[in-house]
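Have a look at the model first.

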Amino acid sequence: DQPQLPTHPLAWTMISHIFWDGMAPETLSVGQQEAMLDWLQWGGQLIIVGGAGPSFTPIAESFLGPYLPGLPNGDNKLLEGEDLAAFSRKYFPSAVFRDPEDLLEETQSYEEVWRKFGRRYQPTPSALRIAPKKPLYLSGMTPKPGASVVSLGRKDLPPLAVEARVGRGRIIMVGVNIVEPTLLAWPGYETFVRRVLLRRVEDPKRSELGYAQNGG
């Protein structure tokens with residue numbers, strides 16, 4: 001009934017990210033709540049998941065309320081494929097992975113090998129396809145002053161996510177359920193998670209000739 005999270009902030013140093021997916025804030029003890037706030041100040045990253053199931057309202061009324069980057073406003077939307085077209089074009093699918101120890105066929109030219117394995121991303125984006133009569137539910141949010149917005153690429157739609165710094169850490173509120181089958185099946189999902197949710201720094205990719213390649 002209670003998450004096994006430490007009550008002392010120094011015991012949180014091995015945790016980089018926490019995904020909050022519908023858990024009631026009062027589930028955490030007072031000690032755990034204080035430790036989480038200290039963890040955020042020291043660089044922790046909290047990803048709060050919205051969508052059709054969880055509601056942001058209990059969190060907005062909890063100990064995390066003053067630190068949230070946005071507030072729920074009830075302007076919820078059901079997203080169809082055309083609503084997500086501009087968004088899906090921002091995140092290219094990852095390129096095919098090849099183990100460096102695997103030998104390549106000698107019949108392949110350098111250009112062919114680079115096109116398949118040398119890029120970090122595939123050269124073209126993939127559409128995010130929505131199944132008929134199964135739209136993607138987006139929880140409406142109003143960003144607080146100073147918060148950053150992750151846009152869907154259309155002015156008539158609410159933001160996909162809002163985020164803000166908390167000390168050296170950050171909180172991001174995502175308006176969709178990040179484990180929706182529609183999103184998981186999208187080839188650009190991995191890139192979206194790495195860039196937006198985790199904010200992972202991407203190391204430059206290097207070719208066999210030693211030239212740094214920073215993109216697709």
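**Strand S9 and its partners**

Q: How many bridges join strand S2 to S9, and in which sense do they run, parallel or antiparallel?
A: Strands here are DSSP E runs of at least two residues, helices H or I runs of at least four, all numbered from the N terminus. Two strands pair if DSSP finds at least two bridges between them. This is a predicted model, where local features need pLDDT of at least 70, side-chain atom pairs count only at pLDDT 80 or more, and totals for chains, interfaces and linings use all residues. Strand S2 (residues 45-49) and S9 run parallel, and the number of bridges joining them is five.

Q: Which residue of S9 is the bridge partner of Val 162?
A: Strand S8 (residues 161-166) pairs with S9 in the antiparallel sense over six bridges. For Val 162, the partner in S9 is Met 173.

Q: Which residues of S9 cover its two faces?
A: In a regular strand the side chains alternate between the two faces of the sheet. Buried means under 20% relative accessible area, exposed over 50%, partly exposed in between (1.4 Å probe, protein chains only). In S9 the buried residues are Gly 169, Ile 171 and Met 173 on one side, and on the other Arg 170, Ile 172 and Val 174.

Q: Is Ser 94 buried or exposed?
A: Ser 94 sits in the loop between helix H3 (85-88) and helix H4 (110-118). Residues are numbered from 1 along each chain as its sequence is written, and side-chain values use heavy atoms, leaving out hydrogens and water. Because its relative accessibility is 18%, Ser 94 counts as buried.
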